[in-house]
Amino acid sequence: MPMLGLGTWENTDPDACANAVQTALEMGYRHIDTAQIYGNEEDVGAGIAAADVDREDIFLATKVWINELGHDDVIESTNESLDKLGVDYVDLLYVHWPARAYDPAETLSAFDELVERGLTKRVGISNFEPEQVREAVERSDAGIFANQIELHPLLQQDELREVCAEEGVEIVAYSPLARGTVFDVDVLSDIADKHGVSEAQVSLAWLREKGVTAIPKATSEAHIRDNWESLALDLDDEDIDAIDAIEQVDRRVDPDFAPW
């Protein structure tokens, strides 16, 4: 799984979404993330089709919404997602939240079936807390590849990262820029000034140093490029320690059905 991807949450303008995906892929991105609830799978698919990049070279992920987590609904809605995306399979399919129709045994057995049928290559979970991660790992025959969670310098999720490491589950960070809040953090601004880069690049480089894949959302070519250039930034130990010491807890995504 590529360490940096393009997120598409809230990118609901069809042309802007398709153009962002095409721009990112032709810039070098190979990881694209969407979800059923985003309402843009068709637009993401249009961007993939327009890009001069082979499908086999793209790591494509989508997520099954909380109302579609019964066994048959998982199967049916995933087939609909594939039709919208214009692909035969996704590389990673997530349980979007452990909420509403989610039942560990029933839901994950459907995901196992999708792996067996070749409709997804990997099973993912999203917004799962430590005990839910452990239970999903125990229930899944195909194995849990990744847990996608809100993660950034202002929400460092130490315990959850430790549990995922223990269970062999990769971490994918959504809202890795804390929905823009990282630009207002003095520690990050000082490090950005030191390296002559943006606070966004500092945050993304910190996540990479932690072994976390980040999927920042962006629509403009300038922001897509700025995030991409974070791959060239190497933070030193002093930088990492300074970011690790940030004690602020700023959760930006907190729906009423969240498990915490």
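This is a predicted model: local features need pLDDT of at least 70, side-chain atom pairs count only at pLDDT 80 or more; totals for chains, interfaces and linings use all residues.
Before you start: residues count from 1 along each chain as its sequence is written, and side-chain values use heavy atoms, without hydrogens or water. Local features need pLDDT of at least 70 and side-chain atom pairs pLDDT 80 or more, while totals for chains, interfaces and linings use all residues.

**Stop 1: the helix pair.** Select residues 14–27, helix 1, and residues 41–50, helix 2. Helices are DSSP runs (H or I, at least four residues), numbered from the N terminus. The two pack at an angle of about 40°, with axes 7 Å apart. Axes are lines fitted to C-alpha atoms over the stretch in contact, and angles run from 0 to 180 degrees between N-to-C directions.

Now show side chains. From helix 1, Pro14, Cys17, Ala18, Val21, Gln22, Leu25 and Glu26 meet Asp43, Val44, Ala46, Gly47, Ile48 and Ala50 of helix 2. Contact means heavy atoms within 4.5 Å. These contact residues divide into nine nonpolar, two polar and two charged. Ala, Val, Leu, Ile, Met, Phe, Trp, Tyr, Cys and Pro count as nonpolar, Asp, Glu, Lys and Arg as charged, and the others, Gly among them, as polar.

**Stop 2: threonine 78.** Go to helix 3, residues 71–85, and pick threonine 78. Its relative accessibility is 1%, so threonine 78 counts as buried (under 20% relative accessible area, 1.4 Å probe, protein chains only). Leaving out residues up to four places away in sequence, threonine 78 touches Gln36, Val64, Asp73, Leu93 and Leu114.

**Stop 3: the cysteines.** Select cysteine 17, buried at 0% relative accessible area. Then select cysteine 164, buried at 1%. The disulfide count is zero, taking a pair of cysteine sulfur atoms within 2.5 Å as a disulfide.

Note on methods. Buried means under 20% relative accessible area, exposed over 50%, partly exposed in between (1.4 Å probe, protein chains only).
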